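Here is a friendly note to read alongside the structure. Take the points one at a time and find each place in the model as you go.

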Amino acid sequence: MIAIAQRMARVGAVGALASALVLSACGSESSDEAGDGGGLPDTVTLKASVSLSGLAGPGGQPTQKGMEVAIEEINDSKFLGSTTLKLDITDSKTDPKVGASAMAQHAASDTPVAIGSSAGAVALAEATVAQRQGLPLIFPQAGSKGVLETGDHIYRTTPLQTSYFHKTLEYLQTEGVKRAAVIYDSDNPTIQALNDLFQSGASKYGYEVVSTQATTSNTVDVSSQVTKMLNAKPDAIFVDVLQAHNVQVIKQLRQAGYDGLIVAQQGAAGGTLKPIAEDAEGVVFTNDFNPGSDNEGTKHFTELYQKKFDELPGNFAAEGYDTIWFAARAIKDADSVDRDKVLASMATVGEAGFVGALGELKIVDRQAVITTPVLVRLDNTAAEIPVE
Amino acid sequence: MEQQIVNALVLVGIYVIFSLGLNLSWGTLNVLNLAHGGTFMFAGFAGFYVTQKVEIPFVAVALLGIATAGVLTVIFELLIFRPIRRRSSTLQQAELLMLIGSIGAGSVLIALARKETDDAPFGIAKGSALNVKNLDFGPVTITTAQLLIIVIGVLLPVGMSLLVNRARFGRALRAIAYDPETCELMGVRPGLLSLVTMLGSGALAGLAGVLVSTHIGALTAQSGDTLIMKAFAVIVLAGVGSIVGVVLGATILASAETIVLVSTDGGWVDAISFAMLIIVLLLRPQGLFPAVKADRV
């Protein structure tokens, strides 16, 4: 009897030890050892779906560069202790189907938070997938209606263009513009929203909309629309089209003999108009970032970016940088890669705000807000010079 | 209104120059070459790439673009379309596989251009670009680039029509479209003719690429995508194989688009253009001006 009891005690001890080992293995966040951050593994991989090609490609490429600067800085400064932050990017090709598929894969991975694409239509598809799968998702850009409304897991670290577009309309008023025309890409929700603001701002800012022309982002020849606008004899033309399309529209405006004021939006930023720099000289728009700005966050980011890429950053790079830093701050605050904890921390970190490449950035109701948008004018090399 | 007529003529010219190339390969060799759009774009890209590194006259840029597009299309014929034709058991199978192959070929060109340009718009460097001037004729302003497009859009189909209908080469071309086996027995070399045809088809895409790039200032890697759909619509409207049909189809499409743009705010252009196409396909699927073919009975 005693021998049986002793045997049972030995088995019980071994069993308890085995159970403790199993339980401790299950309880750890990953198979790696936890880093100095307490609950963080040795490596955290952020999954991103970025439009590196397609119509939003000219914005996606610099966004990636900005993200890389942030990743490097976070790791070099040991912001997450001994935890290394990695970035794994999938090209969403400005295609909602590709973006949604990528986001489904990201949701199935162990990323604590994902980064989404900048183009509105793609973002809508990605947000739907992420919200359904309980994956916190942060968007740079993606200002279309419906993106944030998808659900409480969706954040945007870029201020909406509609929140600072009034500076462009104020400029029209300052310049004494009385007759204004607009050409816009009707197949993009963000661009439609800016056109709506332009239309509704007419009486407040003292101009009459004398011509409104719709086109689509893949239309190569806009001569007919240009002719109609010029027939209306505007003092200023608002070119409200998607990134690369700005080149063709502005070129054809100048070729048609229009040498008046052209105002644009952020689609014309980031060196997009370099191929037609001389024709684009004098184009004015409001941007959320300018490397010449004297706020500390902008200066710091600009220095790091120039060191890495030997060129000045644009707004897309700055937004990518801030997006990664927001994610890293949330992960650090949560001290965990658990998605629910990270999501809760995103709200805390956003509300507290931080200084990023865009200056002082706060996130209110999951939407970034800044206080320092910059009105810029392009010089004859398509560089953005702040308007005094 | 006069200015809009000029705009419409420019659009007709663009559609004619681009569509004639696609019509040539489709009507003669049964190759619906959807890489035609990528080839068009790549001609502009070749001009951009070279002029970034060295300044050359615009004529040289144009010849470079045309040659690049022509050679690319010949390569596609040798590596993709001809092997598919040889291995396919039926004409329908060959046509489908060549269509799929052409999509792949076009994607490669787009990927190459994207990689090199980071997807940013690209154009011929200033020192090599055509010095485009505005010409005023009363109420109408036309640029030298637009004038070039209109003139070439008129001369090209005339020249091609003479070549196809009067020249020995043209008769041989029409013959291989009808019966390549019999042609071979008659001493015609279909292999060589098909290479020359594809070279011509590609060259036309290249010509369109250089002219459009000059007219609008810059292309993107996706610029050929929209044009290929318009060319497809032109050829279906016209009837495959008909040069006159292409001119008339391009005129109908460009005129309809311009009328819609003038009458509305422009948002309905594509919808109405393709609605026309659907109506033609339903009521006259052979096209409005099909090429006449005879059958021996």
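1. In helix α4(B), the buried residues are M98(B), G101(B), S102(B), A105(B), G106(B), L109(B), I110(B), A113(B), R114(B) and T117(B). Buried here means that 20 or more other C-beta atoms, placed from the backbone, lie within 10 Å of the residue's own. Helices are DSSP runs of H or I with at least four residues, strands are runs of E with at least two, and both are numbered from the N terminus.

2. A word on the source: this is a predicted model, where local features need pLDDT of at least 70, side-chain atom pairs count only at pLDDT 80 or more, and totals for chains, interfaces and linings use all residues. Residues are numbered from 1 along each chain as its sequence is written, with chains lettered from A and ligands numbered from 1 in the order in which they are written.

3. What do the buried residues of α4(B) pack against? They meet α2 (57–76) of chain A, as well as α2 (36–53) and α3 (58–87) of chain B. Two residues are in contact if their C-beta atoms lie within 7 Å.

4. After α4(B) comes D118(B), with a positive phi near 55 degrees.

5. Chain A gives 31 residues to the contact and chain B gives 34. On the chain A side, the elements giving two or more residues are α2, β7 (208–215), α9 (223–231) and α10 (245–255) of chain A.

6. Chain A has 14 helices and 15 strands, and 56% of its 388 residues count as buried.

Definitions and conventions
A residue is buried if 20 or more other C-beta atoms lie within 10 Å of its own, exposed if 12 or fewer, and partly exposed in between; C-beta atoms are placed from the backbone.
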